[in-house]
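Have the coordinates open as you read.

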Amino acid sequence: MSIGVHGVSKSFGTFQALENVSLDIPHGTLLALLGPSGSGKTTLLRIIAGLEGPDAGRIEEDGQDITNRHARQREVGFVFQHYALFRHMSVFENIAFGMRVRKAPAAEITSRVEELLHLVRLDGLGARKPAQLSGGQRQRVALARALAIRPRILLLDEPFGALDAKVRVELRQWLRRLHDEIGMTSIFVTHDQEEAFELADEVVVMNHGRIEQRGKPDEVFDKPATPFVMDFLGNVNLFHGRVENGRAFWHGVPIDYPDYPHAQSRPARVYLRPHELDIARTGTAAPGGLGGALAAAAQSLPATVVRLTRTGAMTRITCQTGDASHELHVDLPSAVAREIAFQPGDSVAITPRHVRVFLPDPEYVI
Amino acid sequence: MASNSRWKKSLLNFFHLEHYWKHPLFSAVRRTGQRLARGLRQWSHSLSKAATATRLSELLLIAAAVASIGLLIVVPLASVFVAAFANGPRAWWEAIAHDPDTRHAIWLSLTVAPVAVAFNTIFGIAAAWLVARFRFPGRTLLVSLFDVPFSVSPVVAGLALVLIFGRQGLFGPTLATFGAKVIFAWPGLVLATTFVTLPMVVRELIPVMEAIGPEEELAAVSLGANGWQVFWRITLPNIRWALLHGIVLANARAMGEFGAVYVVSGHIAGATDTMPLRVEKLFQEYRTPASMAVASVLAGLALVTLVAKVVIERQLEAESKELEAARASDAGTDPTTGGDLS
Amino acid sequence: MHSTMPPSATIPPRSRRPPPSRRAFRTVLPGFGISLAITSLVIVSLVIFPLAVLFLRAASLGPAGFLAAAWTPRARAAYAVSLGASLAAAGMSSLVGLLVAWVLVRLEFPGRRILDALVDVPLALPTAVAGLVYSTLYVEKGWLGQWLVPLGIHGAYSRLGIVLVLVFVSLPFAVRVVQPVIESLDKDTEEAARLLGASRSQTFLRVVLPGILPAVVTGFALALARSLGEYGSVVFISGNMPFKTEIAPVLIVSRLEEFAYAEATAIAVVLLAMSLAMLVVVNVLQQRLVRNSQ
C-alpha cells in the first residue's frame, strides 16, 4: 500500500504543527519520521492514521483519496507511544479486540491471536494483564494488537521511546526483521537518529512542521541538506567563518568551496564532523602517523590538545584553536589514538577531510 | 486593640454569650485552663529532650482533632442509634414498619432517589465525556455551570421549580389541563433531587477521565470500534470505580435531601413525604422516638455509604497507582521474559 | 465559580496533567454530538431556565415592589443571621478542618484511618438527621445539654445551635480541600527552616501556612456556600424565631407556605446574590493569596 501526503497543513490554535507537507511513501517502505519534539512528526503520523484531520491537503492510499475516511475504516495499525493497552483486558483480549469489534468468529480469533502471540514471542502470556508485563513486552503486545486487524499500513509513534537502552536495541532489530517478513508499508516516528538510521529504509527529517530532508540513511547522514539537519544529527564542530572567491575561511584557514565563486565576502557557517578531521602532531612530525603528510598542508589549523576522552572504540580529542577562542573535537579510533599517544598540551595541526559550508538562511533558526 | 474588643463584643452579642463570658464558673474554667497551659509549657520546656516536647505537642494535636471529630460527629451519630433503640428493638421496629405513613415515606425515598441518581449518572457520563474529551468554545463556562447547584440553596432551587410548575407557575395551568402534577407530587421530588445532586457524578468523572487520557479510546477507534463499543468496552471499565463513587455519594445525598424536597413536596403524609421529611414531621408532632427510629435508618444508610466509599476509594487509589506505574516505568524490564527476541 | 468544586478524595494533585496530545482528537472520538445534546439539555432545563424564571419573577416586581418584599425588617434580620452564622461556621470549620487535616496527614496514631473516614459522615448523613440529633443533644436534658445548659450555654434553639449544625454540615469540605495540599507540601523546606534556626511556630507561620492558605480559603468558601443555603438541619435546631434565629431559607419557606410567592422569590434572589458575592470576594482573596505565595 503506497501512501501519498499532499500539501497537508495543520495548526492547533496559533501553533503551526504542519505546513504544506507533501510526501510519497512507496509500498513496502520502512520510513522514519525524524525530528525534535514539536517538529510535527507525530501530527503527520496521526493525520495519516486518521486520528486527526488536516486543515488543508489530502492523504492518498494507492492514489485513492482517503482524507475524509474515518479512522475506524482506515485499517491502519497504530502503535501508540505509551502503547495505550486496554488496562482492564488480558493480553489475549487486547490483541483480539480489533477482531471482536468486527464480529469475527471465535475460533478464528483464537487461532489468530495465538499466531500473533507467537510472532511477537509472547507465547503463553495471553492471560496476563498489561500491568504484569515489562515495557518491552507491552510494546510487543501493542504491535500484535495493531497487526491483528491485518492493517494495510503500520504506524508507530516513538515505538521505543519509553524503553531502556538494551531492550530498545533488541526490539529495533527484531522490528526490522518483522518488517522484512511482513513487507507492509510502515512509518515510525522517532527523535533518535540512531534508531532512524539503523532501522529505516528512508528517513524524513522534519523541523517546524516542514520536511527538511528526505533520503536513504546514508544520504541524509553524509549529505545533510540543511544546517538544521546538520545540527540535528549533532556531534559537529560549528564555526562562524566567511566565504569569498570559491573559498571558505575557517579561522583564517582557507578551504576550497567552489559553490560560492563570487567576490563579495559573506558570513557562513562551517561544519566539521569530528570523525572527518585528521590530526597530527606538529613540530615532532610523527613519522607514519595518521595524516602526518597532511600536517604541513596549507589547509590545516594549528591547535593544542586539551584532553582526551575515551568513549568505547573511539577516542575524542578535545583541542583548542591557536588563539584559544574555540574548542573543537576530533574523533579517532582508540587504537590509533593510543598509538600516536597524544598528550594534553601537544601542538597539533587539524586538517578537514570534508567540510560543509552553509550560507546563512534568514529563515533558518535552530 | 479597640477594634479587637469591639469585634469580641459583637461576637459575644451575636451568640448571646455575654452573660456567661463573665459567668463566675466560666471564668474559673478559663483561668484554670490558662494555668494548666502555662504549667504544661513550663513542663515541656523543662524536658531536655526536644523529641519529647515534639511528641507532647503531637499528642495534644491528635487529642484536639479526635475531640473535635468526636464531639461534632461521633457523639451525634452514636446518639441517633442510642435514642432510636432506647425503648428496645421492638419499639424501633414498630415505629418503622407499623406506621403506614412511615412505610410510605421509605417506599417513596426508595423510588425517588434511584431515579434522580439514574438521571445524574446519564448526565454525568455525557458531561464528563464532553468536557474531558473535547475542546470547544464555551467549555470553561459549561464546567462552571456544573457547579451552580452547589452554590444555590436547595430551598431556592425548590422555589424555582414551584415558580415553573406550581399552580400559579409558568407551566402550572397548562399542566393542570392535562391533569398532570409536578409540584406536590413524585415528578417534583425527582426534579428537585436531581437538581441538588447534579454535580456529584460529573465532578467525580472529569478528573479521572482527564488523568486516564484519550489514548485507549483512540486505539479502540483505530482498531475499528464504533462509539458504543468504545464506551462499553473501554471507557466504562476504566471509569467504573469513579462512577460508582459518584453514584454512592449522589445516592446518599438524594436519600437525605431535605430543603429542595421540602419546598416542592407539600409534605403530605402518606403521599409526598420522603424519609427525611417524615423525620421532621414526627419531630414536629412530638413523636421524637419514632422520629429517631426513622433517622436511625437514614444514619444506618449513611454508614453503609461510608463503608462503600472507603472500599471504592481503595480501588480508585490502586487504579491510579497502576496508571502512574504504567506511564512512568515503561523502561523496566521483566527479568523472566525480558529479552527473548533472538 | 470553579472554587465551588466539591471536595473529593479522588481529585488528583494539580501537577498530574493529561498527556499533551489531548487537544487533538475532536474529530475522531465518537459521541460529541450526543454528549453535547444531553449536557446542554440538562443544564439549560434544570439550571439556567429555573434560575432565569426566578430572576424574571423577581424583576417583574419592579424596584419598589422588590424592595418592599425583600427588605423588610424581618428579612433583614434573617439575612444578618444567615450571614453571621455562616461566616462563623465557615471560620470554625476552616480552623477545625485545618487541625484535622494536619493531624490526618502528618501524624501517625492508632485509629487514624477511622478518623479519616468519620470526616465524611456529614456528607453521607442526611442533614435532617443531623439537625434532629443536635437539637436533642443540646437541649436541657440532652447528653451535652445537661452539662452546658447550667453554664448558660444553649446549643439548641439559639444562634449557637445554628452555628454548630452548620459546622457539622460544612466540616468535610474544609478538611478535604486542605488535606491533599498538606500531603503535597515539601517536608524538606520545613526541615530546612528548622535547620536555619526557625522555631516550630515560626516554621508553621512562615513556611507552612503560606502554602496552604489558598486551600484553607477555598475550604472556607465551600463551607460558606454550603452554610448559606443550608435548611434541613437548621430548621430543627434554630427554633426559627423571627428576628432572632430565623435564617433566610427558613423565611423563604414560611413565605411560601403563606403562598406569598413574590416575597419568597425576592428573598431568594437576595440570598443568591449574597452567596454569589461571597464567592466572588473569596475568589479574589484567593487569587491574591496564590499570587503572593508565588
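In which helix is B:Val279 found? Look in chain B, at helix H15, which covers residues 275–284. Keep in mind as we go that this is a predicted model.

So is B:Val279 buried or exposed? The cut-off for buried is 20 or more other C-beta atoms within 10 Å. B:Val279 has 31 C-beta neighbours inside 10 Å, so it counts as buried. Who is around it? If you set aside the neighbours within four places in sequence, B:Val279 is in contact with B:Ser291, B:Val294 and B:Ala295 from chain B, and with C:Ala128, C:Val129 and C:Leu132 from chain C.

Chain C puts 90 residues into it and chain B puts in 103. On the side of chain C that touches chain B, helix H1 of chain C (residues 32–59) gives the most, with 14 residues. That side of chain C is made up of 67 nonpolar residues, 16 polar ones and seven charged ones.

While you're in chain C, have a look at a helix pair. Two packed helices are described by the angle between their axes and the distance between the axes. For helix H8 (residues 159–184) and helix H10 (residues 200–229) of chain C, the angle is about 155° and the axes are 8 Å apart. An angle over 145 degrees counts as roughly antiparallel, and H8(C) and H10(C) are therefore roughly antiparallel to each other. The crossing of H8(C) with H10(C) is right-handed. If you want to pick out the contact on screen, H8(C) contributes residues including C:Leu166, C:Val169, C:Phe173 and C:Val177, while those from H10(C) include C:Ile212, C:Ala215, C:Gly219 and C:Leu222. By residue type, this contact of H8(C) with H10(C) has 13 nonpolar, four polar and one charged.

Back in chain B, there's another pair to set beside that one. Helix H6 (residues 100–133) and helix H11 (residues 186–212) of chain B pack at about 35°, with 6 Å between their axes. H6(B) and H11(B) also make a right-handed crossing. Their contact has 21 nonpolar residues, six polar and one charged.

Next, follow chain B over to chain A. Here 28 residues of chain B are in contact with 32 residues of chain A. On the chain B side, helices H12 (215–222), H13 (227–256) and H16 (288–328) each supply at least two residues, and H12(B) gives the most, with seven. This side of chain B splits into eleven nonpolar, ten polar and seven charged residues.

That brings us to chain A itself, which has nine helices and 20 strands. Its C-alpha trace spans about 80 × 45 × 30 Å along the principal axes. The domain assignment gives domain 1 (3–226) and domain 2 (273–358), and the centres of these two domains of chain A, taken over C-alpha atoms, are 43 Å apart. Of the 366 residues in chain A, 45% count as buried. And if you take the contacts in chain A between residues at least 6 apart in sequence, 63% of them join residues at least 24 apart.

Technical notes:
Residues numbered from 1 in each chain as written. Chains lettered and ligands numbered in written order. Predicted model: local features only at pLDDT ≥ 70, side-chain atom pairs only at ≥ 80, totals over all residues. Axes fitted to C-alpha atoms, helices over the stretch in contact; angles between N-to-C directions. Helix = DSSP H or I, 4+ residues; strand = E, 2+ residues; numbered from the N terminus. Parallel < 35°, antiparallel > 145°, perpendicular 65-115°, else oblique. Left-handed = near helix turned anticlockwise from the far one by under 90°. Contact = placed C-beta atoms within 7 Å. Nonpolar A, V, L, I, M, F, W, Y, C, P; charged D, E, K, R; others polar. Buried ≥ 20, exposed ≤ 12 C-beta atoms within 10 Å, placed from the backbone. Domains from an automatic or database assignment.
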